[in-house]
Amino acid sequence: SGRAMSMNMTVPILALGGASLYAAAQWETAFAGVRKTVNGTESQLQKLGEGFQTLSERIPVSANDLAEIGAEAGALGIKTKNILGFTRVVADLGEATDMTGLAAAEAFARFANITGMPQTQFSRLGSTVVDLGNKMAATESEIAAMGLRIAGAGNQVGMSEHQIMAFAAGLSSVGINAEAGGTAISQ
């Protein structure tokens with residue numbers, strides 16, 4: 001009858017509407033973190049949000065997770081103009097390595113701050129860490145942790161960011177943990 005047909009159509013439509021409202025609320029919550037930590041104009045923030053949405057269609061990471069990485073990037077001092085590129089690199093690392101996106105964000109941002117690496121070089125740094133992880137007996141997370149520990153000393157003696165990570169991979173591949181390696185290199 002007409003009433004049964006109406007019920008069969010109305011219930012799924014209402015459920016779909018509820019799911020859409022829930023997804024929108026989740027996005028607003030995730031993006032609120034970006035608004036708190038990123039110093040940008042409303043236009044810049046809107047472009048950043050659109051960038052996360054577009055990026056989520058290209059890589060297997062949700063826009064909400066990308067916004068979470070973006071919020072962390074802002075908190076770690078990544079400039080507004082570099083946040084989307086930074087987010088892409090660390091999200092890719094989170095998908096392709098044993099590192100989570102947030103762990104990669106923290107390690108890479110701090111490494112760049114210590115070494116003075118330009119924020120436009122995160123893609124090269126990510127490629128270096130992945131390549132070293134593929135060629136050495138160390139995981140990407142071990143390399144990044146060791147690199148972060150020896151960054152200050154390596155930078156003081158004039159090593160490039162890539163040399164620091166290569167040295168970190170060598171130390172990690174022979175079983176030296178980040179704490180011991182960082183202490184030894186600093187001394």
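## A buried ring

Phe31 is buried, at 5% relative accessibility; buried means under 20% relative accessible area, exposed over 50% and partly exposed in between (1.4 Å probe, protein chains only). This is a predicted model, in which local features need pLDDT of at least 70 and side-chain atom pairs count only at pLDDT 80 or more, while totals for chains, interfaces and linings use all residues. Residues are numbered from 1 along each chain as its sequence is written, and side-chain values use heavy atoms, leaving out hydrogens and water.

## Aromatic pairs

Searching the whole structure turns up three aromatic pairs. In one of them, the ring centres of Trp27 and Phe31 lie 5.2 Å apart with planes at 25 degrees, so this pair is stacked. (Rings of Phe, Tyr and Trp, the last by its six-membered ring, pair if their centres lie within 6.5 Å; planes under 30 degrees apart are stacked, over 60 edge-to-face, the rest tilted.) Ring pairs join Trp27, Phe31 and Phe52 into a cluster.

Trp27 and Phe31 sit about one helical turn apart, because they are four residues apart in helix α1 (residues 2-37); helices are DSSP runs (H or I, at least four residues) numbered from the N terminus. Trp27 is buried too, at 15% relative accessible area.

Now for Phe86 and Phe122: their ring centres are 4.7 Å apart and their planes at 75 degrees, so the pair is edge-to-face. It links distant parts of the chain, with Phe86 in helix α4 (residues 83-96) and Phe122 in helix α6 (residues 122-135), 36 residues apart. Both Phe86 and Phe122 are buried.

## Gln119 in its loop

Gln119 belongs to the loop between α5 (101-115) and α6, and is buried at 16% relative accessibility. Beyond its neighbours within four places in sequence, Gln119 is in contact (heavy atoms within 4.5 Å) with Gly77, Ile78, Lys79 and Asn82.

Definitions and conventions: Helices (H or I, at least four residues) and strands (E, at least two) are DSSP runs, numbered from the N terminus.
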